[in-house]
Amino acid sequence: MPHLAILNQKGGVGKTTSAVNIAAAMALAGLRVMVIDLDPQGNASTAFGVDHQEDASGSYDVLVDQVPIADVMLAAPGYESLWVLPASLDLAGADIELITTVEDSQRPF
């Protein structure tokens, strides 16, 4: 199964716009598509009309709490074969939490 990632460190270069449009086109062409939103602002989630409020589950829970993706992905309204793993503001601090988790797991005692 093919995978496609759109990334760039620089902001404002059209990553989200490109990802949303490519995902929508692929889904409308009949492909099964999942958009994984890892931006705390949640613009990809918003573009597909998927809830990503502060208390909503999503990519943060997958990364930090190891919740299975299938438990928190949501169907995008208006699409038969497009799902979104929504983002939340909690992602803004996820890097600090993940560093602590990795450091704790590498301690010998």
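Student: Which residues lie nearest the centre of the largest pocket?
Tutor: Please keep in mind that this is a predicted model. Leu 4, Ala 5, Met 34, Val 35 and Ile 36 lie nearest the centre, and the lining has 27 residues in total.
Student: Which elements give two or more residues to that lining?
Tutor: They are helix 1, which spans residues 15-28, together with strand 1 and helix 2, the latter covering 43-47. Helix 1 gives the most, with six residues.
Student: And how much space lies in the pocket?
Tutor: The space in the largest pocket is about 1000 Å³.
Student: How do the lining residues divide into nonpolar, polar and charged?
Tutor: Of the residues lining the largest pocket, 19 are nonpolar, four are polar and four are charged.
Student: Let us take Val 35. Is it buried or exposed?
Tutor: Val 35, which is found in strand 1, has a relative accessible area of 8% and therefore counts as buried, the cut-off being under 20%.
Student: What is Val 35 in contact with?
Tutor: Apart from neighbours within four places in sequence, Val 35 is in contact with Ala 23, Ala 44, Phe 48, Trp 83, Val 84 and Leu 85. As for Trp 83, its C-alpha atom is separated from that of Val 35 by 6.4 Å, although the two residues are 48 residues apart along the chain.
Student: Changing topic: in what order do the strands stand in the sheet?
Tutor: The three strands form an open sheet in the order 1-3-2, with mixed pairing. Strand 1 and strand 2 each have a single partner strand, so each is left with one side that has no neighbour in the sheet.
Student: What does "pairing" refer to in general?
Tutor: Strands of a sheet pair through backbone hydrogen bonds, and they do so either parallel or antiparallel.
Student: Then which way do strand 1 and strand 3 run, parallel or antiparallel?
Tutor: Strand 1 (residues 33-36) and strand 3 (residues 82-85) run parallel and are joined by four bridges. Along this pair, Val 33 stands opposite Leu 82, and Ile 36 stands opposite Leu 85.
Student: And how many bridges join strand 2 to strand 3?
Tutor: Two bridges join them, and here the strands run antiparallel; strand 2 consists of residues 74-75. Ala 75 has Trp 83 of strand 3 as its bridge partner.
Student: What lies between those two strands in the hairpin?
Tutor: Six residues lie between strand 2 and strand 3 in the hairpin, where Gly 78 takes a positive phi near 90 degrees.
Student: Where is Asp 90 placed?
Tutor: Asp 90 is also in the loop between strand 3 and helix 5, the helix being 94-105. Asp 90 has 30% relative accessibility and so counts as partly exposed.
Student: One more residue, please: is Ser 59 buried or exposed?
Tutor: Ser 59 counts as buried, at 0% relative accessibility. It lies in helix 3, residues 59-65. Setting aside neighbours within four places in sequence, Ser 59 is in contact with Asp 37, Leu 38, Leu 85, Pro 86, Ala 87 and Leu 91.
Student: Stepping back, how many helices and strands are there in the protein?
Tutor: There are five helices and three strands, and from the N terminus on the elements run α-β-α-α-α-β-β-α.
Student: What share of the residues is buried?
Tutor: Buried residues make up 28% of the 109 residues. The accessible surface comes to about 7400 Å², and 56% of that belongs to carbon and sulfur atoms.

Technical notes. Residues are numbered from 1 along each chain as its sequence is written. This is a predicted model: local features need pLDDT of at least 70, side-chain atom pairs count only at pLDDT 80 or more; totals for chains, interfaces and linings use all residues. Side-chain values use heavy atoms; hydrogens and water are left out. Two strands pair if DSSP finds at least two bridges between them. Buried means under 20% relative accessible area, exposed over 50%, partly exposed in between (1.4 Å probe, protein chains only). Contact means heavy atoms within 4.5 Å. Accessible areas come from the Shrake-Rupley method with a 1.4 Å probe; for residues, only the protein chains shown count as cover. On a 1 Å grid over the protein atoms alone, a cavity is a set of points where a 1.4 Å probe fits but cannot get out, and a pocket is an open set with protein on both sides within 12 Å along at least five of seven lines; lining residues have an atom within 4 Å of a point. Grid points are joined across faces, edges and corners, and a volume is the space filled by probe spheres set on the points. Ala, Val, Leu, Ile, Met, Phe, Trp, Tyr, Cys and Pro count as nonpolar, Asp, Glu, Lys and Arg as charged, and the others, Gly among them, as polar.
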